[in-house]
Amino acid sequence: MGDSLITVVAIALAAILMFIFPLMSLSERTDDISSLAVQTATTEFVDRVKTTGRLTLDDYDQYVSTISSTGNSFLIDLQIQQLDENPGSKETQAEATKIGENLYYNIYTSQIEDELNSKGRIVLKEGDIFSATARNTNLTIAQLLRNFFFMVSGNDQYEIVGKDAAVVAVNGGSR
Amino acid sequence: MKLQHLSVIFVIIIVPIAMVMSQYIQTQIDTIKLQSSYQKALDTATHDALTAFQINSVNNKYSSISDSKIRDVEAAINTFYNSLGTSMDIYTSKKEALSTYIPAILFTLYDGYYIHSLYENTYKKAGSEGDQSLRIEIDEDSANYQIGLHPYIYYSCKYLLNGKIVIVNYTLDNAITVYGDFGNGEGYQTKSGYLIDYTKVNNIQLGSKSLTYDGIEIGPETLTEHLLIQDGDSVTLDDFEYIVYNSQKVYRDHDGRYFYYENNKKRFLQSETATIDDYISNNGVGFKSISAFEYYYDAYNFSKWLVEETELDKIEQKDVIKMNETTTTIGNDTEYLSTNTGNEKIFDVTDPDNDPQLSTSIFNSHRMAIIQKSIETNLSTAIGNYQNSLNVYQFVLPVIDEENWYELTNNVSIVSFMQGIPLGMKYFNNYSVISNTKNEEVINNQAIYIMAQETTGGAMPGSIEYHRPGCKELIDGVNNGNMQIIGGYTSLEFLRQTAKLTEADIRYFYPQARVGTTTTGCYHCMVSASLDYNTDDIIKGEIRSFDTGNVLYNESELEEVRKMYLMALAREKSDLYKSNF
């Protein structure tokens, strides 16, 4: 009786050790590598917009294609905060140093995509803020296993994410 | 062997593999994070350097003069190292320590560029101090290596024309200088000017200082600036008309006297008044700027001379003499330059596809390719020769992508290279290109803003907005009569100016504001730039849809905007101080 119990436990342990543990470990590493690739692509994408002052359809398509090559599907959030220094209108104020109160107007992913599709590019200016976030929408193997074994609540939590933001450094030309 | 034993052996094998793999990936992640932080530090430092150059050159009246420009460039380089040191948290380190990893910094300016890198100082003092024998000698084997600015390199290219060498110096716009024997029997000549399609210039009236360019009438115009004037304790903001004479703005006071604007005060002209009066009298158009007319008239003469009186218009890409070669041309090597213009004639501006004012012209493509080749050749040599004190890293010029080359060949830019910093499993090797349009070095096609005042049909009658030339709101507003164009100036004129009256009293003003009304940037083109068409389309006089290719605005619908834009662009280019023209 005692031997049978130990054998059953040993088989279960062996199954976990020989199959589940390597699979979990490997899938976790795969997600790490995907995260790394997505973060790198996001940083490059944002840096390009920062240094050129232009967001083009080509750059955006290339970014989407790079992160999709990790084999996951992504939800991409883009945001542009457009700086309005509104300079001249403040000139009549008594407090001269108040010139340059800044406002930001935000435009988001769907508006940005519409504009990219219709005009092929969005021109930004020095001082605008551009940010991009990519999160996976599919469940990766690591997530599935983790949810199954650890009973983690919130199955829709993302695993692979890349995010970056930058203040645009130049006035983009409307060429 | 029992199953338990197998499990233990399996664990012994798998666990170390998993640990090593995990460690390896973690190292890769750390490397990427470190690389990103270095890249951000490099971008920030380069941006700071350019901002420093912009502030220094805009506020330095003598910035165009070579010595003063070198000072501005060196100040920008100091800013670069300070910023980089701060970002990388090694501020206490000296510039020399950081420069170990910075093989070169490139400054592209209007007609040439500086490279800040290692050079061999062959100058040596000889004789004794305080003695007449003290002199400078050249010691070619000095091995005295220093980091500093290399001599200024012009964007020049040699061509073989009828067996003789001619040299063309390019700039960031359509201005060129040509040297050589051009086969017109005049011998060796040197001429400078703006290259335009001169066949578009007609009806030249020297008396009234007017002409037509591509159907647009160019003539004298009244220019206005809004200045903060300090007079004793009183401080007023007022509008004054001005002209540019000898690259300096001369304002006219309301009582008719002329003055220069210096340190927030009027400095009235004394003995120079007669000279200004003579100049105005000779112009015959009153106190108005004729710079736009002069630009087109001079460009017409230069371009016509080049095409009709010399054989320069026959030059093709194959006639380019290779860099560092005496007479060897590139011939049929279509890959020597980054852009292959084939058998097209580079300087034949009468070709409809070769209007040098357009960014898509053959001249412009060739110009950018020549500048790129020159920079690549000299930069790769400078970086390749860079000696690291540790001698463990081989410095090479990284591949710079096309988008960055476009910026470099059209704007004042700074490119910094950082290489050889250990990043765990590899070395950092990247560059940062930052360009800007807010400087007094170059007026490019995007540097002009147009002011329009709302008429009674507009939402806010009397208010003034400034727009980019391709702004849809502007074009529509002018066409439906809700806006009236009142001027066009460079983007610099719309920047906030600071007037320091006392240590505690600092005021701000905008040169293109107007008394009694507000001047604001247009939301659609200045703030969001979402409704802004290409400036090339404005120059051509036709805007087509990106999607369908249908004509959105024809020549007559663009006439008013185009007229102001072409005049302002010409005037500002003409008024720009150029040391070598």
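**Briefing on a predicted two-chain model**

D214(B) sits in the loop that joins β11 (210-213) and β12 (216-218) of chain B. Its phi is near 50°, a positive value in a residue other than glycine. The model that contains this residue is predicted.

**Chain B as a whole**

- Chain B contains 11 helices and 27 strands.
- Along the principal axes, the C-alpha atoms of chain B occupy a box of roughly 105 × 70 × 65 Å.
- Of the 581 residues in chain B, 38% are buried.
- Among the contacts in chain B with a separation of 6 or more, 63% join residues 24 or more positions apart.
- The chain is divided into domain 1 (3-121 + 139-151 + 386-436), domain 2 (222-288) and domain 3 (448-575).
- Between the C-alpha centres of domain 1 and domain 2 of chain B the distance is 47 Å.

- D214(B) counts as partly exposed, because it has 19 C-beta neighbours inside 10 Å, and 20 or more would be required for a buried residue.
- N203(B) also is not a glycine, and its phi is positive at about 50°.
- The location of N203(B) is strand β10 (residues 201-205) of chain B.
- N203(B) is exposed, since 10 other C-beta atoms lie within 10 Å and the exposed class covers counts of 12 or fewer.

- Strand β13 (residues 223-231) and strand β14 (residues 234-245) of chain B pair in the antiparallel sense over 9 bridges.
- Within this pairing, T224(B) has E241(B) of β14(B) as its bridge partner.
- β13(B) and β14(B) form a hairpin with 2 residues between them, and G232(B) in the turn has a positive phi of about 65°.
- β14(B) pairs with strand β15 (residues 248-252) of chain B as well, in the antiparallel sense over 5 bridges.
- Opposite Y245(B) stands Q248(B) in β15(B).
- The hairpin formed by β14(B) and β15(B) has 2 residues between the strands, and N246(B) in its turn shows a positive phi of about 50°.

**Helix packing in chain B**

- Helix α5 (residues 291-309) and helix α11 (residues 555-575) of chain B pack at an angle of about 80°, and their axes are 7 Å apart.
- α5(B) is therefore roughly perpendicular to α11(B), a class that spans 65 to 115 degrees.
- α5(B) contributes S291(B), A292(B), E294(B), Y295(B) and Y296(B) to the contact, while α11(B) contributes M567(B), A570(B), R571(B), K573(B), S574(B) and D575(B).
- By class, the residues in the contact of α5(B) with α11(B) comprise 5 nonpolar, 2 polar and 4 charged.

**The open sheet of chain A**

- In chain A, 4 strands form an open sheet in the order β3-β2-β5-β6, with antiparallel pairing.
- β3 (103-108) and β6 (161-167) of chain A each have a single partner strand and stand at the edges, so one side of each is left without a neighbour in the sheet.
- On average, neighbouring strands of this sheet are turned by 15° against each other, direction ignored.
- The antiparallel pairing of β2(A) with strand β5 (residues 129-136) of chain A extends over 8 bridges.
- F74(A) has N136(A), in β5(A), as its bridge partner.
- α3(A) lies across β2 and β3 of chain A and runs at about 75° to β3(A).

**Contact between chains A and B**

- The contact takes 44 residues from chain A and 48 residues from chain B.
- Each of α1 (2-52), β2 (74-84), α3 (109-119) and β4 (121-123) of chain A supplies at least two residues of the side of chain A that touches chain B.
- α1(A) gives the most to that side, with 19 residues.
- The side of chain A that touches chain B is made up of 18 nonpolar, 16 polar and 10 charged residues.

How values were computed:
Residues are numbered from 1 along each chain as its sequence is written. Chains are lettered from A and ligands numbered from 1 in the order in which they are written. This is a predicted model: local features need pLDDT of at least 70, side-chain atom pairs count only at pLDDT 80 or more; totals for chains, interfaces and linings use all residues. Two residues are in contact if their C-beta atoms, placed from the backbone, lie within 7 Å. Ala, Val, Leu, Ile, Met, Phe, Trp, Tyr, Cys and Pro count as nonpolar, Asp, Glu, Lys and Arg as charged, and the others, Gly among them, as polar. Two strands pair if DSSP finds at least two bridges between them. Axes are lines fitted to C-alpha atoms, for helices over the stretch in contact, and angles run from 0 to 180 degrees between N-to-C directions. Angles under 35 degrees count as roughly parallel, over 145 as roughly antiparallel, 65 to 115 as roughly perpendicular and the rest as oblique. Domain bounds come from an automatic or database domain assignment.
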